[in-house]
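I opened a new notebook page for this chain. My plan is to look up a few places and write down what I find.

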Amino acid sequence: MNGRRISIKSLFYYILRKAWLILLMAVCFGALLAGYKYYKDSKDKQNADKENNGSTLTEAERSDVENAALQYRYALELETYLENSPLLKLNSKSEEQTIVEYRILLELPQGEISYGTVENTYIQLLRAYVNDGLFIGDLVGKRLEYDEHAYMKELVWCNNSGSGQFTLGVVQYEKYPDLAPDVREIVEAYMKELMAKEPRLKIDAMKEGSVSIYDSSTDNTQKNSYSNMVTYRRAYMNAYTGFSSAQQSYFRYLTGYLSDTKQKTKEPGFSKRYAAIGIVGGAFVGIGLCFLLLYLSMKHMTVSDYSENLGLRNMGVLFENGKTKKNGKTAHPVREWFTKKELKDWLFDTNEESIAYAAVRIGAYCDNHKIDRLAVISSDGTGTVQKAVAKLQKELRKQEVDLIPTENVVRDSNALTDLIETKACILVEKLKGGNRQKAAELLQFCQENDVEVIGAMGVAERTV
């Protein structure tokens, strides 16, 4: 019976009957996850409280520390710039540069050559391509690999010389020995793209060479950068030495754990979000447990099990009396509703009506097949099944069929002997408590000993 088939309807009602398990898992997981979040927030807050967040300082003290922290960050940024920028490593008084002078010509429709403002439009494109660093993408993408792309454009420049002329210059920086020819190659490739789009456009190199230029702007940039770095460093160091211990702790907190924004420690409390996630997750776990219990348990049968898993026709459902009232209220309203929904095709107003209906079906079958004696087999020999069989036995006498209650055939060898002699039987099982594996073994025994099993009947509790 490892390949048991279960209908969607039966599975649905089984899960509904196990709703208490799903609810229990949902509540437990929701409480656990919300508790874990509360515990985590409490620990985070405790850790954060160990670092002085400035709450004990006055507004003025806090402002002094935050200003010093800003100066600290500015100093770090300048140090990073000084370490990586080629511009800050150049000899600002005399630096060797490779230059190439170009002339741009645009042929007019009449064949004349203009040196006017039209050419300047293309010069502006070339200047933007070089001075804004657009050439770097083409330079790196083709065959070169540089580590400091952001600083490379500081070594390359393009100036408009007037009258349709412009100059491309590249500083001979020792870290990039091939930079000048590489930049010229890439820029001239860009020029060719412009000339391909405008056939009348011509760009020719007129002069090239190396020159030493005194670059006052570079000199000033270097001086100001170093001066600012020293100023910021002195400012925050002098401020730190004059701070109180609480201010120093707050300064370390700002500079050691924050970059640009202040981290906020969340106050511990009940998290609806985590509780909801836990409830949903717990519900899925509960449903999974229902599937697991259904497949592992042999103590659950459904009406569809008779035909789908045991290969027997269904002869009806017998109902035992359940507790109907307790202190004036229905004893099991939820279970009653599910039972009615699942067994709606077999419900009767009274147990007697269900037994009479089953007796008529069994009697008709026995009359058609010339059967006057039937044995009862069951994997559950408890009083519940025996009481139901006794009532059915009384009704079958009216149909001239003798029903022989075989008590506990699983364990009683004498009962099996009676079963073989009877030659025909009916399976009667509790829907809640029947053992499918034992029932299958009984059916195999009947098949091996030529005992006809005319069908199966279920016994269910009906709390009405």
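**The chain as a whole**

I started with burial: 41% of the 464 residues of the chain count as buried, where buried means under 20% relative accessible area, exposed over 50%, and partly exposed in between (1.4 Å probe, protein chains only). I am working from a predicted model, where local features need pLDDT of at least 70, side-chain atom pairs count only at pLDDT 80 or more, and totals for chains, interfaces and linings use all residues. Residues are numbered from 1 along each chain as its sequence is written, and side-chain values use heavy atoms, with hydrogens and water left out.

Next I looked up the secondary structure. I found 16 helices and twelve strands. These are DSSP runs, numbered from the N terminus: helices are H or I with at least four residues, strands are E with at least two.

Then I checked contacts, meaning heavy atoms within 4.5 Å. Among those in the chain with a separation of 6 or more, 82% join residues 24 or more positions apart. I also noted the surface. The chain exposes about 26,300 Å², and carbon and sulfur atoms supply 52% of that. The areas come from the Shrake-Rupley method with a 1.4 Å probe; for residues, only the protein chains shown count as cover.

**Helix H7**

I looked at H7, residues 179-197. H7 has 19 residues and reaches 27 Å from its first C-alpha to its last, close to the 27 Å expected at 1.5 Å a residue. The expected span is 1.5 Å times one less than the number of residues.

Which residues of H7 are buried? I listed Leu179, Ala180, Asp182, Val183, Ile186, Val187, Tyr190, Met191 and Leu194. An α-helix has 3.6 residues a turn, so residues three or four places apart point the same way.

**H13 against H14**

Two packed helices are described by the angle between their axes and the distance between the axes. I looked up both values here. The axes of H13 and H14 come within 9 Å and cross at roughly 55°. Axes are lines fitted to C-alpha atoms, for helices over the stretch in contact, and angles run from 0 to 180 degrees between N-to-C directions.

H13 and H14 are therefore oblique to each other. Angles under 35 degrees count as roughly parallel, over 145 as roughly antiparallel, 65 to 115 as roughly perpendicular, and the rest as oblique.

I then listed the residues that meet. From H13 they are Ile355, Ala356, Ala358, Ala359, Ile362 and Gly363; from H14 they are Lys391, Leu392, Glu395 and Leu396.

**Two loop residues with positive phi**

I found Lys370 in the loop between H13 (351-368) and strand E9 (373-377). Phi of Lys370 is near 55°, a positive value in a residue other than glycine. Is Lys370 buried or exposed? Lys370 counts as exposed, at 73% relative accessibility.

Glu400 sits in the loop between H14 (383-398) and strand E10 (402-404). Phi of Glu400 is near 60°, again positive in a residue other than glycine. Glu400 counts as exposed, at 69%.

**Single residues**

I found Thr422 in helix H15 (residues 413-422). Thr422 is buried at 9% relative accessible area. Not counting residues up to four places away in sequence, Thr422 touches Arg373, Leu374, Ala375 and Ile404.

Asn435 lies in the loop between strand E11 (424-430) and helix H16 (436-448). Asn435 is buried, at 10%.

Last, I checked Tyr74 in helix H3 (residues 59-84). Tyr74 is partly exposed, at 39%. The C-alpha atoms of Tyr74 and Tyr232 are separated by 6.9 Å, though 158 residues apart along the chain.
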